[in-house]
Structures are given as C-alpha cells and as structure tokens.
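Here are some questions and answers for someone meeting this structure for the first time. Please keep the sequence and the 3D view at hand while reading.

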Amino acid sequence: MYLQFSSPVHQIEDALFTDQKVELYLKRDDLIHPLISGNKWRKLKYLLADAQYQQKTHLVTFGGAFSNHLLATASAAATLGFKTTGFVRGEKVSNDTLFMCSLLGMKLIFTDRSSYQHKQELFLAHFFNDPEAYFIDEGGASAQAAFGCSELVDELPEKYDHLFCASGTGTTAAGIINGLVGNGLSTQFHAIPVFKNADWMKQEIKKYLLKEVSFNLHTGYGFGGYAKTTPELITFIKKFIAATGILIDPVYTGKMLFAVYDLARKNYFLPGSKILAIHTGGTFGLLGMKNQFQI
Ligand SMILES: *Cc1c(COP(=O)(O)O)cnc(C)c1O
C-alpha cells in the first residue's frame, strides 16, 4: 500500500470568533487527495489493506449518482491496481462524478432502487463465481472504516475543547469518538447530521462505538434533507469560500460549518474555547450542486 496521508490543521479567522473570544480550526482532510478525499480515504484505508491481504483484485461497491465514496473507490482502485465495479442507485444518468469514475476505470452498473436495497444479493448475483471480487458496503461502512477514522485523532497537534463533524452514516463520527476516548481526551464531540430530523443518527453512531460515551447531536442543521439547500446555506457557503479560499460543499461540510458559526453567534461556546471542525473532503461534489448557486 503506497497511499499514505495525514492532513494539516489551519486556523479560520473571522470577526465572529474574535468577538466571541474563541478559536476555530479546520482539519484539512480535503487536502489528503483530490479524489480519494477526506473521510472516504480514512474509511477505505483498512478495507483496501484487507482486500490486498486476501489477494482480491476486484473492488465492488455501491453509491448514489453523486457519491464521493464511488469516486474515492474508483481513484484508489486505479492507483493501487484493482479492477473496480460500482453499483449506482437509480436509473442511468451522466454527471461529473460518474464521468470521473468511468475515466478511472470503474465499471458502472445502474440498479433500480428496490434491487439496490439488497446489496449482498446484488454482489452474489453478479460475482458468485469471481473469487477475486471484494465487497465494500455503501460509503465503506464497517468497523474497519471506523478504525481508519479514529486515526485522525492521533494526528492532532494540540487539545481542543470541541470537535465538529458532518454525519451521513455516522461511521466517521463513531471512529473519531473512539479516537478521542483512546487518546484519553475530554474534547466534546458534536455530530451534525446532514438529514432532516435525524434523531436516529445517535443510534447509528453508537453502533461503532467501542465504549459508551456521551456526545452531542445537533439535528437543526439538515436544511430540509439530504442534498437539500436553502438560500441562507448557499449564501454562507459563498461567503466562506471567498473569505478563506477553502472549498466547502452544500451536502456535508457547508452544513457542518454553518452549524459552528450559528452556535458561535448564539454564544454556545465559552470564551477561550478552541474548536476543531473536520473538513471531511468531498469538494468534487460541489460540481453536482452548481445550479444551486446562481453564479
Ligand atoms: C461521506 C461523507 C461524510 C459522511 O461520513 P459518514 O461516515 O457516512 O458519516 C461527511 N462528509 C463528506 C464530505 C462525505 O463525503
């Protein structure tokens, strides 16, 4: 395995944080790799190692038409010399993400939404006689993925009072919480679900926790649902990108950072607090959302 990365931490300056006497830092997992980006790299790392160990040569995985995970898998597979197939949820479409997946050599199989629910069956139906095929669940969800994400904590240069992360499946959040516990840190963890009314996320995160610990779930930042936006969110993202030079997207990191700024405005943080937000990557996904921006 010759893909090996860690990412830097950058401070984000804003009058809001000066006024509140807090400091915001961003862990730049988006800089890990342009396509195998952010948490998708951390989630894939031990799955890829396991596939290599088992001498599998063909990665088979699943995702929606704009999936950062499909793109990350396609890119990692091409880099490491795996064949790769992606089952894509829904009818045949073309977009920038799927174009890149194909360019990287991923074979795409468009799958109707009801068959897509049964991933193991799909895998067996297509690859029952292919001993070299390796199953990777949608988004890489697995205990190995959580373990890969826990390593993020080992890289932190200092202690923070709060740590924020966007949550889709909750695997990344669970991994980071495990990492905080493993390192004996008392940092308060905050998950921002990217769905509407996602109280169920608490249970999803708990699935991969090695130890029962408390954490915060902020369910008020779903902006109407997965990949849904509001003019307020889009305005925030445009301002943030222009002010910092850092790309964030409306599906994940935009919602998470909106939450941090909103909580700061509401005096949520004690003066002197150090806040770390995780940039989980996925900036390529911006291209799938460009018609939301009216630029
Ligand atoms: C997939 C993804 C997430 C969600 O990660 P989970 O482990 O599924 O919670 C967060 N941010 C970005 C940019 C992603 O691509």
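Q: Where is the place of Q55?
A: This is a predicted model, and in it Q55 follows helix 2. The place of Q55 is in the loop between helix 2 and strand 3.

Q: Is Q55 buried or exposed, and what is its relative accessible area?
A: Q55 has a positive phi of about 55° although it is not a glycine. Exposed means over 50% relative accessible area, and Q55 is therefore exposed, with a relative accessible area of 63%.

Q: Which loop holds A227, and does A227 count as buried or partly exposed?
A: A227 is not a glycine, yet its phi is positive, about 65°. Its place is in the loop between strand 9 and helix 10 (231-244). Because buried means under 20% and exposed over 50%, A227, at 30% relative accessibility, counts as partly exposed.

Q: What covers the buried residues of helix 2?
A: Among the residues buried in helix 2 are W41, L44, L47, L48 and A51. What covers the buried residues of this helix includes strand 2 (23-28), strand 3 (58-63), helix 3 (68-80), strand 6 (133-135), helix 7 (143-154) and helix 8 (171-182).

Q: Which ring has K40 over its face?
A: K40 is one of the buried residues of helix 2. At 5.5 Å from the ring centre, K40 lies over the face of Y252.

Q: Are the rings of F87 and F127 stacked or edge-to-face?
A: The structure holds 20 aromatic pairs. In the pair of F87 and F127 the ring centres are 6.4 Å apart and the planes stand at 80°; planes over 60 degrees apart count as edge-to-face, so this pair is edge-to-face.

Q: How many residues apart are F87 and F127, the pair that links distant parts of the chain?
A: F87 is buried, at 0% relative accessibility, and F127 also counts as buried, at 11%. F87 belongs to strand 4 (residues 83-89) and F127 to helix 6 (residues 119-127), which places them 40 residues apart.

Q: Are the rings of F123 and F127 stacked or tilted?
A: F123 and F127 both lie in helix 6, four residues apart, about one turn of the helix. F123 is buried, with a relative accessible area of 10%. Their ring centres are 5.8 Å apart and their planes at 45°, so the pair is tilted.

Q: Which strands are the edge strands of the open sheet?
A: Six strands form this open sheet, in the order 1-2-10-7-8-9, and the pairing is mixed. An edge strand here pairs on one side only, and the edge strands are strand 1 (9-12) and strand 9 (216-217).

Q: Which residue in strand 9 stands opposite H190?
A: Strand 8 (residues 188-193) and strand 9 run parallel and are joined by two bridges. In strand 9, the residue opposite H190 is N216.

Conventions. Residues numbered from 1 in each chain as written. Predicted model: local features only at pLDDT ≥ 70, side-chain atom pairs only at ≥ 80, totals over all residues. Heavy atoms only, no water. Phe/Tyr/Trp six-rings, centres within 6.5 Å; stacked < 30°, edge-to-face > 60°. Buried < 20%, exposed > 50% of the residue type's maximum accessible area, 1.4 Å probe, protein only. Lys NZ or Arg CZ within 6 Å of the ring centre and 35° of its normal. Contact = heavy atoms within 4.5 Å. Pairing = 2+ DSSP bridges.
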